[in-house]
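Open the model in your viewer and keep the sequence panel beside it. This tour tells you what to select next and what is there.

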Amino acid sequence: MRATMKTWILITLMSICSTILFSQSMSKKHRIIKVEIEIKAPADRVWEAMVLDYGEISNFSPYIYTSSYIKGSLKGKLGAKRKCSFNEKGTRWTHERIEQIDNKNRVMRNIVIEAEKFPLDIDNSQAYYRVRDNGNGTCTASYEFQFRTKPAFIGAIAKGNFKKTLIGTLIGLKHYVETGEKVNASNGRYKEIKRRYPEVTVVK
């Protein structure tokens with residue numbers, strides 16, 4: 001009995017240490033961007049494309065060349081991991097993970113766990129994906145990005161670039177869900193497509 005109790009205590013301590021080690025601290029001052037757009041589709045359909053098909057973000061992001069699940073992940077659920085490549089050669093990339101997910105309320109917290117050629121302070125950066133049902137057959141999808149750069153002084157410049165990326169990804173998501181046509185960096189359709197839609201709302 002004592003051995004069993006000691007084993008459970010050890011497992012619990014290891015679990016706590018692991019959580020502390022791998023979670024984002026967000027302990028330093030960080031910047032925030034939040035953007036949203038109305039999509040003419042049911043909330044469940046948008047949530048499916050945006051979060052449940054986690055490894056397939058290249059279906060609608062005009063800044064991503066390829067995306068794929070990594071390390072055994074198969075769908076968008078807690079702990080799922082993906083790789084996103086931001087140039088044709090695949091030398092600029094991020095590895096990301098679903099850190100928290102609430103399918104009932106359609107909220108997901110996404111973190112970057114590794115990055116190549118990105119000026120991010122990974123321990124102080126995270127994103128929230130949300131889908132809100134508008135009750136009339138449409139929904140509102142939003143991204144909220146909380147971030148800190150490394151070095152910190154380039155944060156103001158980086159904020160403009162990150163905002164542009166989030167806005168483009170929301171427009172791509174809207175187009176993909178409403179028409180079924182993919183939007184990514186490989187097919188180069190974004191410049192033409194974005195003219196068809198109203199501007200994305202920048203909340204902050």
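**Stop 1: a loop residue**

Select D121: it is buried, with a relative accessible area of 7%. Buried means under 20% relative accessible area, exposed over 50%, and partly exposed in between, with a 1.4 Å probe and protein chains only. This is a predicted model, in which local features need pLDDT of at least 70, side-chain atom pairs count only at pLDDT 80 or more, and totals for chains, interfaces and linings use all residues. Residues are numbered from 1 along each chain as its sequence is written, and side-chain values use heavy atoms, with hydrogens and water left out.

D121 sits in the loop between β5 (107-116) and β6 (126-133). Helices (H or I, at least four residues) and strands (E, at least two) are DSSP runs, numbered from the N terminus.

**Stop 2: the whole chain**

Zoom out and colour by secondary structure. The protein chain has four helices and eight strands. Along the sequence they follow the pattern α-β-α-β-β-β-β-β-β-α-α-β. Of the 204 residues, 43% are buried. Contact means heavy atoms within 4.5 Å. Among contacts between residues at least 6 apart in sequence, 56% join residues at least 24 apart.

**Stop 3: the sheet**

Select the strands. Eight of them form an open sheet in the order β2-β3-β4-β5-β6-β7-β1-β8, with antiparallel pairing. The edge strands, β2 (66-69) and β8 (201-202), each pair on one side only. Two strands pair if DSSP finds at least two bridges between them. Strands of a sheet pair through backbone hydrogen bonds, either parallel or antiparallel.

Next, pick β3 (residues 81-85) and β4 (residues 93-102). Five bridges join these antiparallel strands. What stands opposite K81 in β4? Show R97: that is the residue opposite K81.

**Stop 4: helices on the sheet**

Show helix α2 (residues 43-52). Helix α2 packs on the sheet and touches β1 (31-39), β2, β4, β5, β6 and β7. Its direction makes about 165 degrees with that of β6. Then show helix α3 (residues 155-179). Helix α3 also packs on the sheet, touching β1, β7 and β8. The direction of α3 makes about 20 degrees with that of β1. Axes are lines fitted to C-alpha atoms, for helices over the stretch in contact, and angles run from 0 to 180 degrees between N-to-C directions.

**Stop 5: aromatic rings**

The structure holds seven aromatic pairs. Select Y129 and Y143. Their ring centres are 4.7 Å apart and their planes stand at 90 degrees, so the pair is edge-to-face. The two lie 14 residues apart, Y129 in strand β6 and Y143 in strand β7 (residues 139-147), and link distant parts of the chain. Rings of Phe, Tyr and Trp (its six-membered ring) pair if their centres lie within 6.5 Å; planes under 30 degrees apart count as stacked, over 60 as edge-to-face and the rest as tilted. Y129 is buried at 5% relative accessible area, and Y143 is buried at 3%.

**Stop 6: charges over rings**

Show R82 and Y54. R82 lies over the face of Y54, 4.0 Å from the ring centre. Then show R92, which lies over the face of F118, at 4.0 Å from the ring centre. A charge sits over a ring if NZ of Lys or CZ of Arg is within 6 Å of the ring centre and within 35 degrees of the ring normal.
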